[in-house]
Amino acid sequence: MRRRGIPPSAINKFVQSVGITISDTIIDVKIFESFIFIELFKTSKITSCITDPIKVYLNCEKQSLYDYLKISSKVIYIDGSDFMEKPTDDFLRLTPYNSVGLIGLGEIKFKKFENDGIRCDFIPVESEVFSKPKKFIQWIYNLDFKVELRMYSSLFKSFNPEEVGYLNDIDLENSLKVVDGYCNSEILESKLEDRYQFIRKGFFCCDKDSDFDKKKLVFNKTLGLKNFK
């Protein structure tokens, strides 16, 4: 639990809420997770971390972009899940037809596909044509700071694994997936057991398998955000 980043305070509050009983009782793990979420939401640092990156070329005045990004390059990267070429009706992020906001930066509108990414028009927040998009997405400067994300999910397939046998109910294929994540340089300031909320990814904890000298960081997923919106 410690390596997964579960706060001791969440465990204590969960135990206090359960109370004492002399009968066998099964408590839904989601109740425990709700206590974890409350504690992590209050204490975790929030930062960007993308997977399956998409390269975005920005059309804008060079000085305008420098004022916002503090870099001369006209390239940023967004998460692969934040762009959809053929969007579904409920998809509200970047598409060839809809613009999207960049957190703390401005707005981008799809222009065309490039060989290794997409090209978008960049509109600063202060611009008269800034349209206040419905959704804002995360972004990073470059792909220089790669981290390892250990994406843990439910260990068992069923609500009560005792009924079929614990070993028979283990979900070996889906309980752990390891993927590459990309962050901005601030992530290098991480220390052992630092807890983060990676935007739209979930809560993560810096693991002891990290090699801080070589800047190779490992983060264990504590909890997702999907069930707590």
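These legends walk through close-up views of one predicted model.

Residue numbers start from 1 along each chain, in the order its sequence is written. Because the model is predicted, local features need pLDDT of at least 70 and side-chain atom pairs count only at pLDDT 80 or more, while totals for chains, interfaces and linings use all residues; side-chain values use heavy atoms, with hydrogens and water left out.

**View 1. An open sheet of six strands.** The strand order here is E4-E3-E7-E6-E5-E8, with mixed pairing. Strands (E, at least two residues) and helices (H or I, at least four) are DSSP runs, numbered from the N terminus, and two strands pair if DSSP finds at least two bridges between them. At the edges stand E4 (75-78) and E8 (136-137); each has a single partner strand, so one side of each is left without a neighbour in the sheet.

**View 2. Strand E5 and its two partners.** E5 covers residues 100-102 and pairs with E8 in the parallel sense over two bridges. Look for Gly-101, whose bridge partner in E8 is Phe-136. E5 is also joined to E6 (residues 106-114), this time antiparallel and through three bridges. Here Leu-102 stands opposite Gly-106 of E6. The hairpin of E5 and E6 has three residues between the strands, and Gly-104 takes a positive phi near 70° in this hairpin.

View 3. Eight bridges hold E6 against E7 (residues 117-124) in an antiparallel pair, and Lys-112 is found opposite Arg-119 of E7. A salt bridge (a side-chain nitrogen of Lys or Arg within 4 Å of a carboxyl oxygen of Asp or Glu) links the side chains of Asp-116 and Lys-55 at 3.3 Å, N to O. Asp-116 lies in the loop between E6 and E7 and Lys-55 in strand E3 (residues 54-59), so the pair ties together parts that are 61 residues apart in sequence. A search of the whole structure finds 16 salt bridges.

View 4. The bounds, from an automatic or database domain assignment, are 2-16 + 27-47 + 144-224 for domain 1 and 52-137 for domain 2. Taken over C-alpha atoms, the domain centres are 29 Å apart. Four residues of domain 1 and six residues of domain 2 take part in the contact, where contact means heavy atoms within 4.5 Å. Between them the two domains bury about 370 Å², 47% of it on carbon and sulfur atoms; buried area is the accessible area (1.4 Å probe) that two parts lose on being put together, summed over both. On the domain 1 side, Tyr-182, Arg-200 and Lys-201 lose the most area to domain 2, together 81% of what that side buries.

View 5. Two salt bridges are found across the interface of domain 1 and domain 2. Lys-201 and Asp-79 meet through their side chains in a salt bridge of 2.8 Å, N to O.

**View 6. An open sheet of seven strands.** This mixed sheet runs in the order E1-E11-E12-E13-E9-E10-E2. Its edge strands, E1 (45-47) and E2 (49-50), each pair on one side only. Four bridges join E12 (residues 202-206) to E13 (residues 217-223) in an antiparallel pair, with Cys-206 opposite Phe-219 of E13.
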